Amino acid sequence: MNLAELLEHSARRAPQKIAFVEDTMEISYAALAEKISSLAEKISSLQFAAGARVGLCFPNSVNYVALTYALWKNNLVVVPVPTECPPEELHEITATMELSAILSQKPLANGEPLAPEIFVSRFQIATNANNHGLNLAFIRFTSGTTNARKGVALTHETIRDRVLAANSAFQISEADTVIWCLPMAHHFLITIVLYLNVGATVVLARHVTAKPFLEAVNRWRGTVLYAAPFHFSLLARDHSAAQIESVRLAVSTTCALPPDVATQFHQRFGKPLLPALGIIELGLVALNAADPLARWNSVGKPITDFAVKILSPDEHGVGEVAVRGPGICDAYAAPWQPRETILRDGWFVTGDLGRFDADGFLFLLSRKTAVINLAGRKVFPEEIEAVLDQHPSIKESRVFGRVHPHLGEVVEAEIVLSAPDAGIENLSHFCREHLAAYKIPTRFHTVPALPRTPVTGKLLRTAAV
Amino acid sequence: MIQASDIETELLAFLRREIFSPDTNLTPETDLVGAGFDSMSLVKTLLHIEQKFGKWIPEGEITGDALASTRALAATAARILNE
């Protein structure tokens, strides 16, 4: 199967229904399907081999969505590339993910126009990327233990299963209007693909501040908000009289919900924020729809078809969280590692520590995994460390998330200097040349040595401090 | 007492360096949102102010008016930092 067919089905079912609102433009499902077909033809003329991997470097836009589906229609694999990447990082992504091309809104090196505001940069690759016979649709970066970047690879069928499972919890239908503000390069499958499968309307909110966001909610009668704690914090602190009566579902994702945000949002709007647990390898695992007010710090119960267990629990019931369910990723792409070797006896071990309460609500206590969530963007420490370690004055580094009361987490780094008098005056400039702005550590701490595990000497990672 | 003009100088240098590309001719009056200032830019800017001046500017204080220009943002920051 191909996910593009599911969108075409939505377009046949309700051709005149509005699929997207972008600024003042409204685009119906029929018009979106037509745009996809037209872009698919243009992409087809580029004659990529089936299964070739193509980077997509676009800000949130209808073009982002249409190109994703147009690539799928051509049986190509979509690899989201954040727009903030400096050239060196783009080069590294291209090599690691074995990209045949990148489609971008602004012309990159060798970029040639494909359509208005769409450029294609093609790369000479010796052999096509090997997808090991899988019907791959999507590769999303995550961090690796052996190299700075690996990709979570998903087939069309896996994404379909993941979307169906997520919607058993969200219950989103064609009657819903989603007000969307998260970066599509980081959030797309159990969100945008899900909304388009069921025929909902998506309003792209580009607003930086609360007031225009609230105006968008009320103008379009938004029913679903899906955002990071930072965005809900912005809304909760709005001083106006605006309400959001049309909203039936406000989901807080990407990182733990700070307590004052949950309370303030409820006080301000009379609506609960529902904490959700999404994991790149798994999709949506849990959603706290049952008791978000009293248990605001729980991600709730596992959603239908998912099983969660605590491995080797201590006397308080705390242990590592393992998950089994539909939509588990098919492989890691770089280096290739099939699903069977990712799972342990059929379970995905998340690296998070957690416990269940007596009523079956899951509480995450600390994250053993290192991913840092900065206001909805995922940051992988290993990537940043790989860059820092190239600096001539840095012997080694450890990047971690520091808990921030308004943002969830911010990126900070510990560095060990190569010599006591080594200069790091140009470190910020160095980082800007090599890293997207949001990944650059806010603070650098010079330390004499980094903590390592006593036996294997692996860098010790702690939860956000 | 922190002067708004000092914050403006600091913010202009930060925005030119960290947020906008060199071809954006950012002046104290440039409309920030019009020039491409987005929610991640806001996050980075609020973090920078917190680090430089020791206080987090509550997100709710950042209205559309506060982002009308670097000068307006500096004035908002000065008001809160001096509270």
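Leaving aside its neighbours within four places in sequence, which residues is A:D291 in contact with? The legends below start there. The model is predicted.

**View 1. A:D291 sits in a loop of chain A.** The loop runs between β15 (283-287) and β16 (301-302). Beyond the neighbours within four places in sequence, A:D291 is in contact with A:W296 and A:F361. Is A:D291 buried or exposed? A:D291 counts as buried, because its relative accessibility is 18% and buried means under 20%.

**View 2. A:N74 lies in another part of chain A, in the loop between α3 (62-73) and β4 (77-80).** The relative accessibility of A:N74 is 21%, so this residue counts as partly exposed. Neighbours within four places in sequence are again left aside; A:N74 is then in contact with A:A40, A:I43 and A:S44. Look also for A:A52. A:N74 and A:A52 are 22 residues apart in sequence. In space, their C-alpha atoms are 9.7 Å apart.

**View 3. Helices α1 and α2 of chain A pack against each other.** Helix α1 covers residues 3-13, and helix α2 covers residues 29-44. How are two packed helices described? The angle between their axes and the distance between the axes are used. Here the angle is about 145 degrees, and the axes of α1(A) and α2(A) are 8 Å apart. The crossing of the two helices is left-handed. From α1(A) come A:L7, A:S10 and A:A11. They meet A:Y29, A:A30, A:L32, A:A33 and A:I36 in α2(A). By class, seven residues of this contact are nonpolar and one is polar. No charged residues take part in the contact of α1(A) with α2(A).

**View 4. A:V198 belongs to helix α6 of chain A.** This helix spans residues 189-198. A:V198 is buried, because its relative accessible area is 18% and the cut-off for buried is under 20%. What does A:V198 touch, not counting residues up to four places away in sequence? The list is A:S10, A:R13, A:N167, A:I172, A:S173 and A:E174. A:V198 and A:L164 are 34 residues apart in sequence. Their C-alpha atoms are 9.9 Å apart in space.

**View 5. A:A322 is found in strand β18 of chain A.** The strand holds residues 319-324. A:A322 has 0% relative accessibility, so this residue counts as buried. A:G346 is 24 residues from A:A322 in sequence. From C-alpha to C-alpha, A:A322 and A:G346 are 9.7 Å apart.

**View 6. Chain B meets chain A.** How many residues of chain B are in contact with chain A? There are 22 from chain B, in contact with 21 from chain A. The two chains bury about 1,900 Å² between them. Carbon and sulfur atoms account for 64% of that area. B:M40, B:Q51 and B:E59 supply 29% of the area that chain B buries against chain A, more than any other three residues.

**View 7. Chain B is shown with its confidence values.** Its mean pLDDT is 88, and 100% of its residues reach 70 or more. Among the elements of chain B, helix α3 (residues 70-81) has the highest mean pLDDT, 94. Helix α2 (residues 39-53) of chain B has the lowest, 87. The model scores ipTM 0.75 and pTM 0.83.

Note on methods. Residues numbered from 1 in each chain as written. Chains lettered and ligands numbered in written order. Predicted model: local features only at pLDDT ≥ 70, side-chain atom pairs only at ≥ 80, totals over all residues. Heavy atoms only, no water. Helix = DSSP H or I, 4+ residues; strand = E, 2+ residues; numbered from the N terminus. Buried < 20%, exposed > 50% of the residue type's maximum accessible area, 1.4 Å probe, protein only. Contact = heavy atoms within 4.5 Å. pLDDT = per-residue confidence, 0-100. Axes fitted to C-alpha atoms, helices over the stretch in contact; angles between N-to-C directions. Left-handed = near helix turned anticlockwise from the far one by under 90°. Nonpolar A, V, L, I, M, F, W, Y, C, P; charged D, E, K, R; others polar. Buried area = accessible area lost by both parts, 1.4 Å probe.
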